[in-house]
Amino acid sequence: MTFIDQIREQCARKGSEPALVLGKRGPDAVSYAQLGQGIDNVCARLLRLNVQPGGLYGVIHADTLVHVTLMLALEHITKSFMAGEAAEVNDRIRLREEDRA
């Protein structure tokens, strides 16, 4: 079972329980149901933008919740994930591009 499969399972099982707390409980908490719906919405949007399984995509967003949701949606669609500091990720992308040549 992949990481995103585990997250999706928790979204289905835990519904209103807090999934992410981005500060304090209350308005800064996101339930599993909200996270699951957010992932579904972002996946639909990314697919309309022609994001493809196996593709290499990056995420940088100032809003933590949007950033996390984008990462999870991309993992769900592409079935791959890479995280790291910007310079480290850039080095990995260059290496992957060289492998394709």
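## A tour from the loop to the helix core

Select glycine 58 to start: at a relative accessible area of 69%, Gly58 is exposed (that means over 50%, while buried is under 20% and partly exposed lies in between, with a 1.4 Å probe and protein chains only). Before moving on, note that this is a predicted model, where local features need pLDDT of at least 70, side-chain atom pairs count only at pLDDT 80 or more, and totals for chains, interfaces and linings use all residues. Residues are numbered from 1 along each chain as its sequence is written, and side-chain values use heavy atoms, with hydrogens and water left out.

**Stop 1: the loop.** Gly58 sits in the loop between α2 and α3.

**Stop 2: zoom out.** Helices here are DSSP runs of H or I with at least four residues, strands are E runs of at least two, and numbering goes from the N terminus. The chain has 101 residues, of which 26% count as buried. Take the contacts between residues at least 6 apart in sequence: 51% of them join residues at least 24 apart (a contact being heavy atoms within 4.5 Å).

**Stop 3: α2 against α3.** The crossing is right-handed, meaning that the near helix is turned clockwise from the far one by less than a right angle, with anticlockwise for left-handed. On the α2 side, pick Leu35, Gly38, Ile39, Val42, Cys43, Leu46 and Leu47; on the α3 side, Thr69, Leu70, Leu72, Ala73, Leu74, His76 and Ile77. By class, that contact has 11 nonpolar, three polar and no charged residues. Nonpolar covers Ala, Val, Leu, Ile, Met, Phe, Trp, Tyr, Cys and Pro, charged covers Asp, Glu, Lys and Arg, and the others, Gly among them, are polar.

**Stop 4: bring in α1.** Helix α1 (residues 3-14) and helix α3 (residues 64-78) have axes that come within 9 Å and cross at roughly 115°. This crossing is left-handed. Phe3, Ile4 and Ile7 of α1 meet Leu72, Glu75 and His76 of α3.

**Stop 5: the core.** Which residues have the most contacts inside the largest nonpolar core? Select Ile7, Leu35, Ile39, Leu46, Leu72 and Ala73, out of 16 in that core. Such a core is a set of buried Ala, Val, Leu, Ile, Met, Phe, Trp, Tyr and Cys residues joined through side-chain atoms within 4.5 Å. α2 (32-48) gives the most, with six residues. Now centre on isoleucine 39: leaving out residues up to four places away in sequence, Ile39 touches Ile4, Ile7, Arg8, Thr69, Leu72 and Ala73.

**Last stop: cysteines.** Cysteine 11 counts as buried because its relative accessibility is 11%, and cysteine 43 does so at 7%. The whole structure has zero disulfides (pairs of cysteine sulfur atoms within 2.5 Å).

Methods:
Axes fitted to C-alpha atoms, helices over the stretch in contact; angles between N-to-C directions.
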